[in-house]
Amino acid sequence: MAGKIIINIERCKGCGLCVVVCPKRIIVISEKSNRTGYFPVEVDNSGCTGCAACGMVCPDAAIKVYRDDNTGDESCNKSGPSLIKEKV
Ligand code: SF4
Ligand code: SF4
């Protein structure tokens with residue numbers, strides 16, 4: 001299953017919780033700081049499954065998770081094929 005996340009780097013405080021919980025280890029702390037001086041995270045979305053662990057653990061609601069629900073399962077494919085839906 002494919003997924004992707006979008007990180008609001010200005011909200012991120014670089015706490016690293018999402019880095020720890022991601023089962024795919026695709027989130028890393030950036031070398032560039034944001035406007036408030038924190039080092040936010042960045043992601044390689046190519047390995048993302050859309051599991052939403054990162055979005056659930058983020059204390060600053062800085063991560064939006066999207067998942068491709070085109071699994072053939074009617075219960076999670078109500079909005080048409082290949083639609084990436086916001087999960088968190
Ligand atoms: S949704 Fe899951 S796989 Fe994707 S970045 Fe977040 S924790 Fe990692
Ligand atoms: S959990 Fe949220 S605030 Fe912490 S590093 Fe990840 S995106 Fe940033």
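Mentor: Let us begin with ligand 2, which 15 residues surround, the closest being Cys12, Cys15, Leu17, Cys18 and Cys58; a residue counts as near a molecule or strand if its C-beta atom, placed from the backbone, lies within 6 Å of it. This is a predicted model, in which local features need pLDDT of at least 70 and side-chain atom pairs count only at pLDDT 80 or more, while totals for chains, interfaces and linings use all residues. Residues are numbered from 1 along each chain as its sequence is written, and chains are lettered from A and ligands numbered from 1 in the order in which they are written.

Trainee: What makes up the shell around ligand 2 by class?

Mentor: The shell around ligand 2 has 11 nonpolar, 2 polar and 2 charged residues, where Ala, Val, Leu, Ile, Met, Phe, Trp, Tyr, Cys and Pro count as nonpolar, Asp, Glu, Lys and Arg as charged, and the others, Gly among them, as polar.

Trainee: Why does Cys12 count as buried?

Mentor: Cys12 has 22 C-beta neighbours inside 10 Å, and a residue is buried if 20 or more other C-beta atoms lie within 10 Å of its own, exposed if 12 or fewer, and partly exposed in between, with C-beta atoms placed from the backbone; Cys12 therefore counts as buried. Of the 88 residues of the chain, 22% count as buried.

Trainee: Which residues is Cys12 in contact with, leaving aside its neighbours within four places in sequence?

Mentor: Among them are Ile7, Tyr38, Asp60 and Ala62, two residues being in contact if their C-beta atoms, placed from the backbone, lie within 7 Å. Cys12 and Ala61, by C-alpha atoms, are 8.2 Å apart in space and 49 residues apart in sequence.

Trainee: Why is Ala61 called exposed?

Mentor: Ala61 has 10 other C-beta atoms within 10 Å, and so it is exposed. Ala61 also has a positive phi, near 50°, in a residue other than glycine.

Trainee: What makes Ala52 partly exposed?

Mentor: Ala52 has 17 C-beta neighbours inside 10 Å and therefore counts as partly exposed. Ala52 is not a glycine either, yet has a positive phi of about 75°.

Trainee: Where does Ala52 lie?

Mentor: Ala52 lies in the loop between strand E3 (41–43) and H2, helices (H or I, at least four residues) and strands (E, at least two) being DSSP runs numbered from the N terminus. Helix H2 (53–57) and strand E1 (3–7) each supply at least two residues of the shell around ligand 1.
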